Amino acid sequence: MATKQDSYQCTECGWTSARWVGRCGECQAWGSVAERGAQGIKQVAVSTPGISALRISEVATETAQRKRTGVGELDRVLGGGLVPGAVVLLAGEPGVGKSTLLIDVAAQWSATGEKTLYISGEESASQVKLRALRTGAVHDELYLASENDLGTVLGHVEEVSPSLLIVDSVQTITAAGAEGTPGGPSQVREVTSALARVAKRRNMAVLLVGHVTKDGSIAGPRTMEHLVDVVLSFEGDRHSGFRMVRATKNRFGPADEVGCFEMSETGIVQVTDPSGLFTTSRSEPVPGTCVTVTLEGRRPLLAEVQALVAPSPNQNAPKRTTHGLDSSRIAMVLAVLERKVRLPLSQRDVYVSTVGGAKVTDPSVDLASAVAIASAALDRQHPQRLLALGEVGLAGDLRRVPGVERRLAEAARLGFELAIVPVGSRDVTVKVPRLPGMRVIEVGSLADALGVLDLRREAKP
């Protein structure tokens, strides 16, 4: 049996074990348990610092001023631009457009006269240039290199002296002195630590591309996310051109902002007003539709819900199909409509979807889903410029949602005339202003909301 000095430790969370195991018993990470070593704890020698500590009032901030990347939506997520010396991790699924976005950032940064070094560990320099030519991202101050060795990458940094370094991707770079296979936890941690140290020393911004696992989380050790200053998630459906950059960690700005983009044949395009992507424009109202406003971070986005209710050929097991919405929440809304509003749905197929491939997890979409389903079931149309906001409870009540002021202001800007909101949305804690051209109706329950829209069917005696 191994002694305490020869025990094993998880490189992810620090959990220890007397014997080697393939999976950590604490964080459940695979392949992260390694031998800790028998040297024990050594006393750290005290050394005199080269630079004395300064009072906070004496610390200069001129060298830490933000620099805009030239891509407005990315600057929005970063909090106004890149801070010199900051290390940013951009993670996303394969093919979502990470490399396309960063080559555009590199070209925009170089266009201001700043040197940019783009290191590709997955493609050759000629392949990167072909993509840059296709997207129009070519500039003389943009330097390309295809490397997989950390020492060579740092040599390129010393030679070029860039103000922005882009590494695509961090899992493909290997450190000669670190243990483990390329892309393993030890290698990724060492590469990230070395690049972070160089970034702080040279006051150079660094953008790292990271892979994701099958469940969508960032691949590699969780300590990598602690080593960097900003963590961005690049999201999007490969069957849709819409892309979204979301900040999950930001030491220099808000961590709840999102940036919107659209993939095109010529590259990636910023979408400053994405609400039109998730709604349809019609001259006449159509049964089975309703619009809501979701909050992606602090950004209000319009989303349209469409529903279709049809007789089921198998009344014992009717279909419940959703796309872009949480199926469990839709099932709950259907149960509330059946029980509290007496709308017969138990023997009918129900299909609910969003427009434009939008994925909505905000509970505020509950009321819009209920209105769309009721409208489709009764084949009755409601006012065309209608907006519905609210979370539906199991008792049939409507609950307030955060950010009502921003949601209604966005809807009023786009010309919506009627809004159905839960009771209490206009009290002093929310402070919803009187919006010109929009009538706001407060209701306390789902039945009252459908009654206002004449979409309620009472049970037969």
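Two strands pair if DSSP finds at least two bridges between them, and strands here are DSSP runs (E, at least two residues), like helices (H or I, at least four), numbered from the N terminus. This is a predicted model, in which local features need pLDDT of at least 70, side-chain atom pairs count only at pLDDT 80 or more, and totals for chains, interfaces and linings use all residues. Residues are numbered from 1 along each chain as its sequence is written, and side-chain values use heavy atoms, with hydrogens and water left out.

Now to helix α4 (residues 150–160). Its buried residues are Leu150, Val153, His156, Val157 and Val160. They cover an arc of only 115° around the axis, which puts them on the same side of α4; the arc is that of the directions from the helix axis to the C-beta atoms. These buried residues pack against β5 (116–120), β6 (142–146), β7 (164–168) and α5 (185–202), with contact meaning heavy atoms within 4.5 Å. At the N-terminal end, Asp149 caps α4, with a side-chain oxygen 3.1 Å from the backbone nitrogen of Gly151 (a polar contact is a pair of N or O atoms within 3.5 Å; within protein, one must be able to donate a hydrogen and the other to accept it). Ser161, which follows α4, has a positive phi near 55°.

How values were computed: Buried < 20%, exposed > 50% of the residue type's maximum accessible area, 1.4 Å probe, protein only.
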